[in-house]
Amino acid sequence: MQLRSFMSSKIHKATVTEANLDYVGSITIDADLLDLAGLLPNEKVLVVSNTSGARLETYIIEGKRGTGYIGINGAASHLIEAGEEIIIIAFTLATEPVEPKAILVDKNNRFVCNLPEEQAAFAPETA
């Protein structure tokens, strides 16, 4: 049996509300956003900055519900700062593709809509 890594959850276009070097490392995410995206505390995530291009792996800490809080903690705050636009992605190991749960948020980290993962729709047309 071969396991492959598939995207399982994504929060797209989130805005970092705080970067705190003195905090023990991780990313803190509003609990409402965790629920909407199907993410769990302590789950490993890839964080990608649309602003700087930085990429890092860390784990989730559940933040206060309804605040829109997205905090980059510890050493990661050297790579991604407050105000940056990020994508938070979780992956799962499976033998077959999984249906990912992806959400879009606004600049205040409020839910906008669910995102279908139809990547081909965004591919450039070929001549």
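This is a short chat about the fold of one predicted chain, its strand 7 and the residue Thr58.

Student: How much of the chain is buried?

Tutor: Of the 127 residues, 41% count as buried. The accessible surface of the chain is about 7,400 Å², and carbon and sulfur atoms make up 53% of that.

Student: What share of the contacts links residues 24 or more positions apart?

Tutor: Taking the contacts with a separation of 6 or more, 79% are between residues 24 or more positions apart.

Student: Switching to strand 7. Why call it largely enclosed?

Tutor: Strand 7 covers residues 85-94, and seven of its 10 residues are buried, so the rest of the structure largely encloses it.

Student: Which way does strand 1 run against it, parallel or antiparallel?

Tutor: Antiparallel: strand 1, residues 4-15, is joined to strand 7 by nine bridges. Within that pairing, Lys10 stands opposite Ile89.

Student: How many bridges join strand 4 to strand 7?

Tutor: Four, and strand 4 (residues 44-49) also runs antiparallel to strand 7. Here Ser49 is the residue opposite Ile86.

Student: Where do side chains point in a regular strand?

Tutor: They alternate between the two faces of the sheet.

Student: Now Thr58. Where is it found?

Tutor: Thr58 is in strand 5, which covers residues 55-63.

Student: Why does Thr58 count as buried?

Tutor: Its relative accessibility is 14%, and buried means under 20%, so Thr58 falls on the buried side of the cut-off.

Student: What is Thr58 in contact with, leaving aside neighbours within four places in sequence?

Tutor: Thr58 is in contact with Gly25, Ser26 and Ile27, and also with Glu43, Lys44, Val45 and Val47. Strand 4 spans residues 44-49.

Student: Last one, charges. How many positive and negative side chains are there?

Tutor: There are 10 positive and 17 negative side chains in the chain. The centres of the two sets lie 1 Å apart.

How values were computed: Residues are numbered from 1 along each chain as its sequence is written. This is a predicted model: local features need pLDDT of at least 70, side-chain atom pairs count only at pLDDT 80 or more; totals for chains, interfaces and linings use all residues. Side-chain values use heavy atoms; hydrogens and water are left out. Helices (H or I, at least four residues) and strands (E, at least two) are DSSP runs, numbered from the N terminus. Buried means under 20% relative accessible area, exposed over 50%, partly exposed in between (1.4 Å probe, protein chains only). Contact means heavy atoms within 4.5 Å. Accessible areas come from the Shrake-Rupley method with a 1.4 Å probe; for residues, only the protein chains shown count as cover. Lys and Arg count as positive and Asp and Glu as negative; His and the chain ends are not counted. The place of a charge is taken as NZ of Lys, CZ of Arg, CG of Asp or CD of Glu. Two strands pair if DSSP finds at least two bridges between them.
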